[in-house]
Amino acid sequence: MNAVELTAALKYESKRLGFDLAGAAPAVVSRTDLARLEQWIAAGRAAEMRCFAERLDAYRDPGKVLDGARSILMLGMNYRTVEPVEPGPGQAKIARFAWGEDYHDLIRDRLDKLADLHGRLAPGARTRGVVDTAPLLERHFARMAGLGWIGKNAMLINRRLGSWFVLAALLTTEVLAYDEPARADHCGTCRACLDACPAGALTAPYQLDARKCVSYLTIESRAPIPAELRAAVGDRLLGCDACQEACPWNRDTPRTAEPAFQPRPDMNPVDLAQLLTLDEAEFRRLFRHTPLWRAKLEGIRRNADVVKRNHRK
């Protein structure tokens, strides 16, 4: 099977497995994108996420993620479902990606199936599926694979799906038929995302400072939320969709039928009183397979307390 046939087969199977976007790129990081990452780290904008600096060599070379990697099939899965319900007293909002099941679990299973097909079509080839966790510049490779451009909010934007999708990658030691990179930037003069950012984390077009980002503060950070940023958290318990909701490319995008992304009844919005009284066992029972698990019970309690205090103001 040649590169064109293999790529076509993988793309066909990815669609059958529920991926909405698929494109192939060589496993080579551009100097420009690498320089941006290095500058971002050097400026301290990665906040407490030391993994970027500690794994910089791997970010420079996808061969450190999969030995002998030659190509990457980049994939996107739409997670847009219903519109958010505005929280009332005693409630908080959660970013849309976290309303249903943990997408990591969902996509890993689909990637395993795609890798199985790859193994049957190209015996002897090696693959590795990646969802958010390996040192891979996913947005860079998605742009190189033609899936979209990187917008002023530093997110990947697709003309059809906007930015309401999660990325995944299948690295392979095989050569694939590469797609044309996305070269056009369709943000134009728009700055809606920058103006909408509640804490000013988008310090300039294409520049994100994680130290001020509500998504970072409520999900990744284990430290207390800085006093000067607590008001910006508002009623957000986990994550922040402000820049995406303001983006014109996200207004009329299609909704997914994927059951795993459909919101649980207790997630849109969520009840603060329940969260503040949970113990570890109950938290595990309710949220083990949801994105709330990533923030841990301590982080959820911290966030819930900030939102509760904001409600009183």
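In this predicted model, the exposed residues R31, Q39 and A42 lie on the face of helix 2 that is turned away from its buried side. The buried residues of this helix, in turn, are D33, L34, L37 and W40, and because they cover an arc of only 125 degrees around the axis, they fall on the same side of helix 2. The cover over these buried residues includes helix 3, helix 4, helix 6 and strand 9, whose residue ranges are tabulated here.

| Element covering the buried residues of helix 2 | Residues |
|---|---|
| helix 3 | 51-54 |
| helix 4 | 56-60 |
| helix 6 | 138-144 |
| strand 9 | 207-208 |

The length of helix 2 (residues 31-42) can be checked as well: at 1.5 Å a residue, its 12 residues should span 16 Å, which agrees with the 16 Å that separates its end C-alpha atoms. Just after helix 2, G44 adopts a positive phi of about 80 degrees.

Elsewhere in the chain, 3 strands form an open sheet with mixed pairing, in the order 10-3-11. Strand 10 (236-238) and strand 11 (270-271) each have a single partner strand and stand at the edges, so one side of each is left without a neighbour in the sheet. Strand 3 (residues 91-94) and strand 11 run antiparallel and are joined by 2 bridges, with A92 standing opposite V270 in strand 11. Helix 13 (residues 292-312) packs on this sheet, where it touches strand 3 and strand 10, and its direction makes about 170 degrees with that of strand 10.

Methods. Residues are numbered from 1 along each chain as its sequence is written. This is a predicted model: local features need pLDDT of at least 70, side-chain atom pairs count only at pLDDT 80 or more; totals for chains, interfaces and linings use all residues. Side-chain values use heavy atoms; hydrogens and water are left out. Two strands pair if DSSP finds at least two bridges between them. Helices (H or I, at least four residues) and strands (E, at least two) are DSSP runs, numbered from the N terminus. Contact means heavy atoms within 4.5 Å. Axes are lines fitted to C-alpha atoms, for helices over the stretch in contact, and angles run from 0 to 180 degrees between N-to-C directions. The expected span of a helix is 1.5 Å times one less than its number of residues. Buried means under 20% relative accessible area, exposed over 50%, partly exposed in between (1.4 Å probe, protein chains only). The arc is that of the directions from the helix axis to the C-beta atoms.
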